[in-house]
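Here are a few exercises to work through with the model open beside you. Try each one before you read the solution.

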Amino acid sequence: MNLKSLAIVAATILFSGTGFAQTGSPVKDDFKPSTFNQPGQEYPQVNSQGYARFRIVAPMAQHVVVSLGLGGTSGGTVLTKGADSVWTGTTKGPMEEGFHYYHVTVDGGVFNDPGALNFYGSTRWESGIEIPAHDQDFYALKDVPHGHVHQILFPSKSTSTSRRAFVYTPPGYDKNNTKRYPVLYLQHGWGEDETAWSNQGRANLIMDNLIAEGKTKPFIIVMTYGMTNVIRPRAGGLRSFDIKPFQTVLLDELMPYVDATFRTIPNQANRAMAGLSMGGFETHTITLARPDVFSHYALLSGGTYKPEEIKDKSKVKLIFLSTGQFENPDGITKATDALKTAGFNAVSYVSPNTRHEFQTWRRSLHVLAPLLFKD
């Protein structure tokens, strides 16, 4: 099909308010543009109940579906063509709070929504929508001192490439050229990249707000691509993933570059590593392999540590394990209890009413940050 004939312009339309929520109450007609819309775009929109509405201009299309469905985690929303050749639709139920990826399928072709910003996830750039959360204040953009997120390009001899990372420096970093800071190396999940923690995760805003409230010690955050651009998980998933190439990039190439470029405190006591999902797998593997490098470990929906895996307890200042309520809360709490019994400083966190998603990981970082680098 000719793409130009589709004239796909994404947006959302307000219906007449005749729909009803699954609870039996009317769907409130208080829809507003998502905070993750393209500049000047009114759609897609969300309402106070968590419903989303979409509007797609595709005059020649026969079938249009938005991948978001009930709860934002399964199914989809089939749109209906109106007399003006515009396709519209509302999710059948409220979606869960927080960030969601989605795309639009038009007659079998997959497209992003031109009304929404794009985010790298699911190994591709996807549209994103934000469902306002009851606790969104901790990652909101506020009138507080802000840090900076720097893009860096560092040489990687092991991969024969220049690789990219993003480095968050806290408010005040540029005003005092003698002060040095601890460093958190923070990894994304499978299908995402080094942009995820800043864009989807709001990591910099979480830190800005915590620092402004005096709840965390200021520190640098380094976020880089967690694969080597050549190695991918093969059959068997992450169990068969050879992490050594990325470990070389992280420890032997990126870390020396960061220590030489930024005012870090370049020792084990002032380094932490954390990761969500696949990034947790990387964190688990690398921290166990190189206990001389990191002193604070954090797995966010990324598995657990067993006491017997850690050979020298004296090198570990903190182990943080987190998960969503609908993931593996029992496993996380049991693993944390075992670590505590073995004498480790271990902390667990279960995000209420969330799954394997960024609302879980935003909350996890919010809880983790104040625990890091305590004197």
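**Exercise 1.** Find the strand that holds Arg-163, then work out which side chain of opposite charge is nearest to Arg-163.

*Solution.* Start with the strand: Arg-163 sits in E15, residues 161-169 (strands are DSSP runs of E, at least two residues, and helices are runs of H or I, at least four, both numbered from the N terminus). Bear in mind that this is a predicted model, where local features need pLDDT of at least 70, side-chain atom pairs count only at pLDDT 80 or more, and totals for chains, interfaces and linings use all residues. Residues are numbered from 1 along each chain as its sequence is written, and side-chain values use heavy atoms, with hydrogens and water left out.

Next, the charge. Arg-163 is buried (under 20% relative accessible area with a 1.4 Å probe, protein chains only). The nearest side chain of opposite charge is Glu-253, 5.8 Å away, and Arg-163 has no salt bridge (a side-chain nitrogen of Lys or Arg within 4 Å of a carboxyl oxygen of Asp or Glu).

Finally, look at the backbone: the oxygen of Tyr-225 is 3.3 Å from a polar atom of the Arg-163 side chain.

**Exercise 2.** Work out how E15 is joined to E14, and find the residue with a positive phi in their hairpin.

*Solution.* Count the bridges first: E14 (residues 148-156) and E15 run antiparallel and are joined by nine (strands pair if DSSP finds at least two bridges between them). Then go to the turn: four residues lie between the strands, and Ser-160 has a positive phi near 55 degrees.

**Exercise 3.** Give the order of the three-stranded open sheet that contains E13, and say what packs across E9 and E13.

*Solution.* The order is E9-E13-E12, with antiparallel pairing. E9 (98-102) and E12 (118-121) are the edges; each has a single partner strand, so one side of each lacks a neighbour in the sheet. Neighbouring strands here are turned by 50 degrees against each other on average, direction ignored.

Zoom in on E12 and E13 (residues 124-131): four bridges pair them in the antiparallel sense, and Tyr-120 is opposite Trp-125 in E13.

Conventions:
Axes are lines fitted to C-alpha atoms, for helices over the stretch in contact, and angles run from 0 to 180 degrees between N-to-C directions. Contact means heavy atoms within 4.5 Å. Buried means under 20% relative accessible area, exposed over 50%, partly exposed in between (1.4 Å probe, protein chains only). Lys and Arg count as positive and Asp and Glu as negative; His and the chain ends are not counted. A polar contact is a pair of N or O atoms within 3.5 Å; within protein, one must be able to donate a hydrogen and the other to accept it, and residues adjacent in sequence count only if both atoms are side-chain atoms.
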